[in-house]
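Me: I would like to learn how to read a protein model step by step. Could we take a few features in turn, with the general idea before the case?

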Amino acid sequence: MAERILITGGAQRLGLALARAMLAEGHRVAIHTRRSEPPGDLEAVVLQGDLDDPSVPARIVGEACARLGGLSVLVNNAARFEPDRIDTLDAASFDAHMATNLRAPLLAIQAFAASLEPDGTGLAVNIVDQKIRHPGAGYLSYTLSKIALEGAVRTLAAELAPRVRIAAIAPSIIYESAGMKPGRLETLGARLPLRRATRPEEVAAALAYLIETPSVTGETLFVDSGESLRARSVILGAS
Ligand SMILES: NC(=O)c1ccc[n+]([C@@H]2O[C@H](COP(=O)([O-])OP(=O)(O)OC[C@H]3O[C@@H](n4cnc5c(N)ncnc54)[C@H](OP(=O)(O)O)[C@@H]3O)[C@@H](O)[C@H]2O)c1
């Protein structure tokens, strides 16, 4: 069945890969973007907004519903990812991570649940991070925001059943981040238990599984080559 899917942060990297995969499966897709221009060939509805503005999540859900004739799947993918540690923590950065990575997804889920027809059902998927199981120093606010978002999965799954299923996908490293040395992605991937970095299409496969399996809710799928099983110090190494 063709789903009507909204993906936040869908103009580049993982969000774009998810959008392309869902379009290839015959679903109708709306992407949200803040500043990035989506590729011209992407056959998706494009919505714009800064998710740090608390009015934006409900607005983009409403616009996606209007443009697609309702929504059946919400993918909270957009995220802020900036380094900090307890000794460098400041209130502005902490609040910004919580606004983008926790408050915005929750407000989007609220609007999504309210948008469903009385007899309608839906699925909300939060993209988190394997760091929630094996946190390491360096991304304190980011990690805490993702731990809280994953914590909301089971709570909301219980609260919103039977109409809305809630799930999360926790990838390991997929893309290089700003300032990473060339080749670092491959080096880190080779140190994981399964000796490979996660590929975007594997996250898309997890999303497809969640869409196609109506008995699954409250679940977090780790798509992480086993990274969450290992000590961070072993994986990051000395280099
Ligand atoms: N990359 C990885 O290796 C990795 C590993 C584990 C988990 N993840 C998770 O997977 C997801 C996607 O990762 P990614 O690396 O593809 O993400 P990304 O490129 O860092 O960010 C995705 C999008 O989030 C949007 N965004 C950030 N702050 C926003 C705000 N305040 N309002 C609206 N949009 C905002 C950006 O939109 P604009 O570009 O339009 O500004 C960006 O394109 C994230 O949830 C991330 O935590 C990624």
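This is a predicted model: local features need pLDDT of at least 70, side-chain atom pairs count only at pLDDT 80 or more; totals for chains, interfaces and linings use all residues.

Me: Which residues are joined by a cis peptide bond, and where does Pro162 lie?

Reply: The angle to look at is omega. Here the bond between Ala161 and Pro162 is cis, with omega at about 5°, and Pro162 belongs to the loop between helix H4 (140–160) and strand E6 (164–171).

Me: Which phi does Arg13 have, and is Arg13 exposed, partly exposed or buried?

Reply: Arg13 counts as partly exposed because its relative accessibility is 39%, which lies between the cut-offs of 20% and 50%. Arg195 also has a positive phi, near 60°, but its place is in the loop between helix H5 (184–190) and helix H6 (200–212). At 55% relative accessibility, Arg195 counts as exposed, since the cut-off is over 50%.

Me: Where does the ligand sit, and how many residues surround the ligand?

Reply: One starts with the site, and then goes on to the neighbours and the single contacts. The ligand sits in the largest pocket, surrounded by 27 residues, with Gln12 and Tyr142 among the closest. This shell divides into 11 nonpolar, nine polar and seven charged residues. A polar backbone atom of Arg34 is 2.8 Å from an oxygen atom of the ligand, while one of Leu51 is 2.8 Å from a ligand nitrogen atom. The protein buries 90% of the 890 Å² that the ligand exposes when taken alone.

Methods: Residues are numbered from 1 along each chain as its sequence is written. Side-chain values use heavy atoms; hydrogens and water are left out. Helices (H or I, at least four residues) and strands (E, at least two) are DSSP runs, numbered from the N terminus. Buried means under 20% relative accessible area, exposed over 50%, partly exposed in between (1.4 Å probe, protein chains only). A residue is near a molecule or strand if one of its heavy atoms lies within 4 Å of it. A polar contact is a pair of N or O atoms within 3.5 Å; within protein, one must be able to donate a hydrogen and the other to accept it, and residues adjacent in sequence count only if both atoms are side-chain atoms. Accessible areas come from the Shrake-Rupley method with a 1.4 Å probe; for residues, only the protein chains shown count as cover. On a 1 Å grid over the protein atoms alone, a cavity is a set of points where a 1.4 Å probe fits but cannot get out, and a pocket is an open set with protein on both sides within 12 Å along at least five of seven lines; lining residues have an atom within 4 Å of a point. A molecule sits in a cavity or pocket if more than half of its atoms lie within 2 Å of its grid points. Ala, Val, Leu, Ile, Met, Phe, Trp, Tyr, Cys and Pro count as nonpolar, Asp, Glu, Lys and Arg as charged, and the others, Gly among them, as polar.
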